[in-house]
Amino acid sequence: MYFNCDEVIVNKAQLCVAETPLTLATGIQKPGKVLMALVNGGALLDFRTKDGSTAIHRAVEHNSLEAVKTLLELGASPNYKDAKGLTPLYLAVTHASDPLVCEGLLHDHAIIGAQDLQGWQEVHQACRNGLVQHLEHLLYYGADMNARNASGNTPLHVCAVNSQESCARVLLFRGCQRDALNYANQTPYQVAVIAGNLDLADIIKEHRPENVGQYSCLFRPPGFSVQKLVFDGGVVL
């Protein structure tokens with residue numbers, strides 16, 4: 001038994017994007033038991049809607065920590081990409097979800113480094129939107145703090161143009177390349193000056209290598225515990 005994505009049409013005006021019962025359930029209050037019941041009834045965890053989204057994509061869009069955690073516990077993959085090539089982790093950043101949603105996906109081995117059409121990765125988006133906790137989680141789990149988008153801009157360049165001082169301080173403290181050049185041969189300092197963000201320009205200019213700190217083995221961002229649920233005869237235990 002499985003649920004076909006053609007069963008429910010959400011909005012005919014938007015190319016008749018179809019949803020599954022599982023993706024719809026991620027948007028209700030306290031979705032955990034409903035999601036478990038659907039999976040017990042045969043719903044496929046990673047079945048996709050017509051736009052390529054899985055239930056975890058929808059759970060992230062709804063900012064439902066309970067739905068994300070339940071789906072991961074049931075064994076759903078956090079790494080399927082939608083029709084735009086974006087993962088649930090990418091959406092967790094662009095939708096400014098609860099930081100625990102982001103950390104939960106990373107804890108369950110979400111792959112970092114998905115890109116949109118402009119080459120923006122999760123770290124770029126976190127810096128553009130000033131999401132310090134998301135950025136810390138991404139860096140802890142191995143995100144490239146010097147990743148370049150299609151314009152050659154690093155996350156620090158993005159901070160510089162968007163006046164995101166807190167994220168810039170995190171990147172500098174973690175050891176990003178302060179003098180990296182984008183494809184216009186501009187450093188983050190120069191970008192900050194051009195954008196009129198002079199206070200941030202001074203922070204970048206005055207940063208010293210001796211101020212760089214590394215993650216300690218004793219440090220870990222707030223925890224997210226996922227215990228895989230065991231199936232016995234199709235019933236979640």
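This report covers the fold content, the core, the helix packing and some backbone features of a predicted model.

**Basis**

The model is predicted, so local features need pLDDT of at least 70, side-chain atom pairs count only at pLDDT 80 or more, and totals for chains, interfaces and linings use all residues. Residues are numbered from 1 along each chain as its sequence is written, and side-chain values use heavy atoms, with hydrogens and water left out.

**Overall content**

The protein chain has 12 helices and 4 strands. Both are DSSP runs numbered from the N terminus: helices are H or I with at least four residues, strands are E with at least two. Of the 237 residues in the protein chain, 46% are buried. Buried means under 20% relative accessible area, exposed means over 50%, and partly exposed lies in between (1.4 Å probe, protein chains only). Contact means heavy atoms within 4.5 Å. Among contacts in the protein chain with a separation of 6 or more, 70% join residues 24 or more positions apart.

**The core**

The largest nonpolar core holds 56 residues. Such a core is a set of buried Ala, Val, Leu, Ile, Met, Phe, Trp, Tyr and Cys residues joined through side-chain atoms within 4.5 Å. Which members touch the most other members? They are Leu 22, Val 60, Leu 71, Leu 105, Leu 135, Leu 138 and Leu 171. The core draws at least three residues from each of domain 1 (13-111) and domain 2 (118-213). These bounds come from an automatic or database domain assignment.

Leu 138 gives a local view. Its contacts include Leu 89, Val 93, Leu 106 and Ile 112, not counting residues up to four places away in sequence.

**Helix packing**

Two packed helices are described by the angle between their axes and the distance between the axes. Axes are lines fitted to C-alpha atoms, for helices over the stretch in contact, and angles run from 0 to 180 degrees between N-to-C directions. Angles under 35 degrees count as roughly parallel, over 145 as roughly antiparallel, 65 to 115 as roughly perpendicular and the rest as oblique.

| Helix pair | Axis distance | Axis angle |
|---|---|---|
| Helix 9 (155-162) and helix 10 (165-173) | within 9 Å | roughly 155° |
| Helix 2 and helix 4 (65-74) | 9 Å | about 30° |
| Helix 10 and helix 12 | within 11 Å | roughly 5° |

Helix 9 and helix 10 are therefore roughly antiparallel. Their crossing is left-handed: the near helix is turned anticlockwise from the far one by less than a right angle, whereas clockwise is right-handed. Pro 155, Leu 156 and Cys 159 of helix 9 make the contact with Cys 167, Ala 168, Leu 171 and Leu 172 of helix 10.

Helix 9 is mostly covered, with 6 of its 8 residues buried. They are Pro 155, Leu 156, His 157, Val 158, Cys 159 and Ala 160. These residues pack against helix 7, helix 10, helix 11 (188-194) and helix 12 (198-206). Ser 163 follows helix 9 and has a positive phi near 55°.

In helix 10, the buried residues are Cys 167, Ala 168, Val 170, Leu 171 and Leu 172. Their packing partners are helix 7, helix 8 (132-140), helix 9 and helix 12. Helix 10 and helix 12 are roughly parallel. Here Glu 165, Ala 168, Arg 169 and Leu 172 in helix 10 meet Leu 200, Ile 203 and Ile 204 in helix 12. Gly 175 follows helix 10, with a positive phi near 100°.

Helix 2 and helix 4 are also roughly parallel, and they pass in a right-handed crossing. Gly 32, Leu 35, Met 36 and Val 39 of helix 2 meet Glu 66, Ala 67, Thr 70, Leu 71 and Leu 74 of helix 4.

**Loop residues**

Lys 30 is not a glycine, yet its phi is positive, about 50°. Lys 30 sits in the loop between helix 1 (21-25) and helix 2 (32-40). Is Lys 30 buried or exposed? Lys 30 is exposed, at 71% relative accessible area.

His 109, also not a glycine, has a positive phi of about 70°. The loop between helix 6 (99-107) and helix 7 (122-128) holds His 109. His 109 counts as exposed, at 63% relative accessibility.

Lys 81 lies in the loop between helix 4 and helix 5 (88-94). Lys 81 is partly exposed, with a relative accessible area of 43%. Lys 81 touches Arg 48, Gly 52, His 57, Leu 86 and Thr 87, not counting residues up to four places away in sequence. Lys 81 and Arg 48 are 33 residues apart in sequence and 9.8 Å apart in space, C-alpha to C-alpha.
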